[in-house]
Amino acid sequence: MTPIEIGLISVVAIVFLIYAGVYIPVALGTVSFISIWLMRDNFTLALNLLKVAVGDSAMEYSFATIPLFTFMGLIVSKAGLGRDIYEVMTMRFRKVKGGIGMATVGANAVFAAVTGSSIASASVFTKVSVPQMMAQGYNPRFAVGVVAGSSVLGMIIPPSAMLIIYSFVAEQSVGDMFLAGVIPGILLALAYVAAIWFMGRFTPDFIGGRAIEDTEWMSTREVASKTLPTLGLITVVLGGIYTGWLTAVEAGAAGGLVALVIAVVRRSMSLKNFWDALLETGHITAAILFLITAASIYSRMLGMAGLPNQLEDMLAGNSASFWTIMLIFVLLMLFLGTLLDTASIILIVVPLFLPMIETMNLSLIWFGIITVVGAEIGLLTPPLGISCFVIKSTINDDRISLRDVFMGALPFAFVMLIVLLLLIQFPILSLALM
């Protein structure tokens, strides 16, 4: 077989193995190693490339952001900052139709800026928001759908593990990727709020809910105590990166320290919780670095097979336009989103398209935002919508089926698709802060 044929078979084999339940890094690494061995008929070369991939991944300084931001997010979650922001948001939106849904989106957006995890957001707000919405007569599908939809903000608004993974694959600055994610993340949050208002205006039965009796407003002091810690943490992390005072790694370290101080001052962090956060940080970091190592040898395999160049020549030969290429890319991500998680999609698809994007003189930073937003839609689509599964397992309510979660998330997946098209059409939305 030719290298091209081996490369094509390897990509199909990787997708098949992942869908069959093989651990993603194992599938990526094993198939890539065997493919290189077959293409060059040289076991020693394949082994040496594996050593290089492991060394490059483990020693890359910028990947220190992974444990630092992961630790910060876990501390923030255990300190109860998500609940505080949600309570303030709910007070502000209580009189609007679907107001609690809007509050959930707003709180998720703020929470995303200090955790960077869709899974953490889905878990926290399923416990905080869904019971309150159902107690006030909201449609269960809307209640779980708005949590599922807004939870994806955790992977778009920085700091985001997916932006870090993309920055490695595309060899871009983590700090630049974080800056590029700010406006698209805010735009998506505003689009969700607008969609909820639209549904409340034209499809009120889908939202449900009843009028909330007037309750006492929080005092200014109470609002400040619930919001200032989170806003201060956001200022330290994103403000430090944006002003250039801190690198992404330094911002992660400063954010982790500030989050720990906040938790101690609030007396919401026991030694057991602190130890659990450290252990979970280690587990998550090891898993992500294992993914990145496997992706490194996968990228080398694709380069040796010549698949990216072959794809570029095929599209160039058919005189494919910019929108044709983007359409193929988005459709491929949406299809894989029904089978794979976001990290797998980024690691498999991006190396195939990167050479073509560079040849077209398009921004790789912009392309990264397009990639993450497109891949995140998969978190809301069956059969492998991870956020939907997290919500179902967290809520543990027989009245809400997994189908209800997916149906509730469907309108928000559609909103994400519209925002994705806007980001493709107007790259300045991603690059304005650069």
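## T65 in helix α4

T65 is in contact (heavy atoms within 4.5 Å) with T70, I164, V174, A248 and V249, leaving aside its neighbours within four places in sequence. T65 lies in helix α4. Helices here are DSSP runs (H or I, at least four residues), numbered from the N terminus. At 1% relative accessibility, T65 counts as buried. Buried means under 20% relative accessible area, exposed over 50%, and partly exposed in between, with a 1.4 Å probe and protein chains only.

This is a predicted model, in which local features need pLDDT of at least 70 and side-chain atom pairs count only at pLDDT 80 or more, while totals for chains, interfaces and linings use all residues. Residues are numbered from 1 along each chain as its sequence is written, and side-chain values use heavy atoms, with hydrogens and water left out.

M72 touches V114, P159, L233, V237, G255, G256 and A259, not counting residues up to four places away in sequence. One of these partners is G255. M72 and G255 are 183 residues apart in sequence, yet 6.2 Å apart in space, C-alpha to C-alpha.

S151 has its place in helix α8. S151 counts as buried because its relative accessibility is 0%. Residues up to four places away in sequence aside, S151 touches N108, S118, S121, A122 and S387.

Helix α7 covers residues 118-135. Its 18 residues should span 26 Å at 1.5 Å a residue, and its end C-alpha atoms are 25 Å apart, which agrees. The expected span is 1.5 Å times one less than the number of residues. α7 has a kink of about 40°, centred on T126. The bend at a residue is the angle between axes fitted to the seven residues ending there and the seven starting there. Just after α7, G137 takes a positive phi of about 85°.

Which residues of α7 are buried? They are S118, S121, A122, V124, F125, T126, V128, S129, V130, M133 and M134. The buried residues of α7 pack against α4 (65-78), α5 (81-93), α6 (99-115), α8 (140-151), α18 (364-376) and α19 (386-395).

Helix α14 (residues 271-305) has 35 residues. From its first C-alpha to its last, α14 reaches 51 Å, close to the 51 Å expected at 1.5 Å a residue. G306 follows α14, with a positive phi near 80°.

Helix α1 (residues 3-19) packs with α14 at an angle of about 150°, with their axes 8 Å apart. Axes are lines fitted to C-alpha atoms, for helices over the stretch in contact, and angles run from 0 to 180 degrees between N-to-C directions. α1 contributes P3, I4, G7, S10, V11 and I14 to the contact, and α14 contributes Y298, M301, L302, M304 and A305. By class, the contact of α1 with α14 has 9 nonpolar, 2 polar and no charged residues. Ala, Val, Leu, Ile, Met, Phe, Trp, Tyr, Cys and Pro count as nonpolar, Asp, Glu, Lys and Arg as charged, and the others, Gly among them, as polar.

## The α16 and α17 pair

The axes of helix α16 (residues 322-337) and helix α17 (residues 342-359) come within 11 Å and cross at roughly 170°. α16 and α17 are therefore roughly antiparallel to each other. Angles over 145 degrees count as roughly antiparallel, under 35 as roughly parallel, 65 to 115 as roughly perpendicular and the rest as oblique.

On the α16 side, the contact is made by I325, M326, I328, F329, L332, M333, L336 and G337. On the α17 side, I345, V349, F353, M356 and I357 take part. The contact of α16 with α17 has 12 nonpolar, 1 polar and no charged residues.

Technical notes:
Helix = DSSP H or I, 4+ residues; strand = E, 2+ residues; numbered from the N terminus.
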